[in-house]
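Let's take a walk through this one together. Have the viewer open and follow along.

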Amino acid sequence: MDGNKDDALKCFKIGKQALESGDRTRAIKFLTKARRLDPTLSLDDLLSTVENDHSTFQTASPTPNSRSGASSPKHSDQPSIRCRASTIESNSSSSSVSYTEKEVAVVREIRRKKNYYEILGLEKSCTVDDVRKAYRKLSLKVHPDKNKAPGAEEAFKAVSKAFQCLSDEESRKKYGLSGEDESVFEGRATRTRGHHHHPHSFYEGDVDAEEIFRNFFFGGMAPATTNFGGFSFGHGVGARQGGGEHGSGGFNVRALIQLLPVLLVLLLNFLPSSQPVYSLSRSYPYEHLFITPQGVNYYVKSSKFDEDYPINSPERTSIEVRVEREYFSILRQNCRLEMQRRQWGYIHETPYCDMLRKFNSVN
């Protein structure tokens with residue numbers, strides 16, 4: 001859809017140029033095509049005016065006087081036609097504009113400056129923390145995803161280059177000693193990347209501003225007081241000595257924190273189940289019936305219970321003793337409740353007490 005709008009604007013411009021040059025046939029052709037590609041363009045009035053003028057011009061007598069008479073309305077109508085064309089073009093352009101004058105001003109101000117300190121709006125005595133704060137503020141203002149003004153991408157790259165240089169103590173010293181000339185970094189770029197020597201290659205062709213932005217805001221960036229150890233710009237600038245272990249350690253801690261939920265789920269899957277082996281009532285997944293030597297029913301989950309806990313084995317005996325104790329405890333508790341309700345006259349029969357007496361007689 002956006003491609004059609006772009007083509008429509010191109011056809012509109014061609015038609016406007018043809019109209020200004022007096023080629024009305026060509027103007028009608030391209031204006032009609034522009035309207036077909038983008039029906040939202042308000043071209044009906046303009047086309048009607050051009051077509052009416054074109055018809056008048058064709059039906060006029062070819063005598064010199066007639067030509068003179070025909071050419072007169074042509075020239076008299078020309079300013080109004082141009083005015084309408086300019087209005088349509090202005091409306092079409094304004095509808096596609098998605099940036100403000102303030103955004104344009106920020107981009108122009110950054111692109112106008114060449115000195116890294118000026119780009120970030122800092123003094124030469126600034127700290128690394130000041131550099132990081134300035135980068136945080138400016139990068140959000142000129143990031144191409146947010147700022148659609150012309151030149152925003154170049155401004156974003158300039159801010160990233162300035163931050164990359166001034167946030168690293170070694171690069172910052174070289175930048176100051178060289179009279180703030182980027183060419184001092186040519187040797188560094190050649191050594192770290194192994195590419196052929198090319199002026200400004202480290203800062204022009206090899207800077208990945210998006211990667212710097214992602215690592216700064218979403219993790220992987222070494223602390224401000226150290227070099228960029230464990231962090232690579234572009235396609236693999238090597239980690240610096242002295243800060244590599246610290247930067248790498250910081251990255252690993254962040255990665256570990258992000259993986260903790262996954263590790264926790266995996267750990268829970270391998271922990272032994274806290275569910276009991278048996279249940280005195282049948283319910284999913286306790287569906288396999290077994291009976292203790294004292295005649296108490298209990299249910300287990302596995303159909304291979306006899307294989308896992310053979311009869312007369314210490315494990316099986318322990319389970320069935322627990323079953324009978326739990327069963328006896330339940331009967332005794334319910335019997336006490338029955339006796340109380342019987343004393344108050346609520347009930348006359350005591351089935352749990354009868355079952356308790358039967359269980360005691362068996363034991």
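This is a predicted model: local features need pLDDT of at least 70, side-chain atom pairs count only at pLDDT 80 or more; totals for chains, interfaces and linings use all residues.

Residues are numbered from 1 along each chain as its sequence is written, and side-chain values use heavy atoms, with hydrogens and water left out.

Of the 363 residues in the chain, 34% are buried; buried means under 20% relative accessible area, exposed over 50%, and partly exposed in between (1.4 Å probe, protein chains only). Among contacts (heavy atoms within 4.5 Å) with a separation of 6 or more, 53% join residues 24 or more positions apart.

Now go to helix 14, residues 314-343. Arg316, Ile319, Glu320, Val323, Glu324, Leu331, Cys335 and Glu338 of helix 14 are buried. Their cover includes strand 1 (278-279), strand 2 (288-291), strand 3 (297-300), helix 13 (305-308) and helix 15 (351-362). After helix 14 comes glycine 345, with a positive phi near 90°.

How do helix 14 and helix 15 cross? Their axes come within 7 Å, at roughly 140°. That makes helix 14 oblique to helix 15. Here, axes are lines fitted to C-alpha atoms, for helices over the stretch in contact, and angles run from 0 to 180 degrees between N-to-C directions; under 35 degrees is roughly parallel, over 145 roughly antiparallel, 65 to 115 roughly perpendicular, and the rest oblique. The contact involves, among others, Tyr327, Phe328 and Leu331 of helix 14 and Tyr352, Leu356 and Phe359 of helix 15.

Back to strand 1, which holds serine 279. Serine 279 counts as buried because its relative accessibility is 15%. The serine 279 side chain reaches the backbone oxygen of serine 281 at 2.9 Å. Not counting residues up to four places away in sequence, serine 279 touches Tyr286, Tyr298 and Tyr299.

Finally, the loop between strand 1 and strand 2 contains proline 285, which is partly exposed at a relative accessible area of 25%. Leaving aside neighbours within four places in sequence, proline 285 is in contact with Val300 and Lys301.

Note on methods
Helices (H or I, at least four residues) and strands (E, at least two) are DSSP runs, numbered from the N terminus. A polar contact is a pair of N or O atoms within 3.5 Å; within protein, one must be able to donate a hydrogen and the other to accept it, and residues adjacent in sequence count only if both atoms are side-chain atoms.
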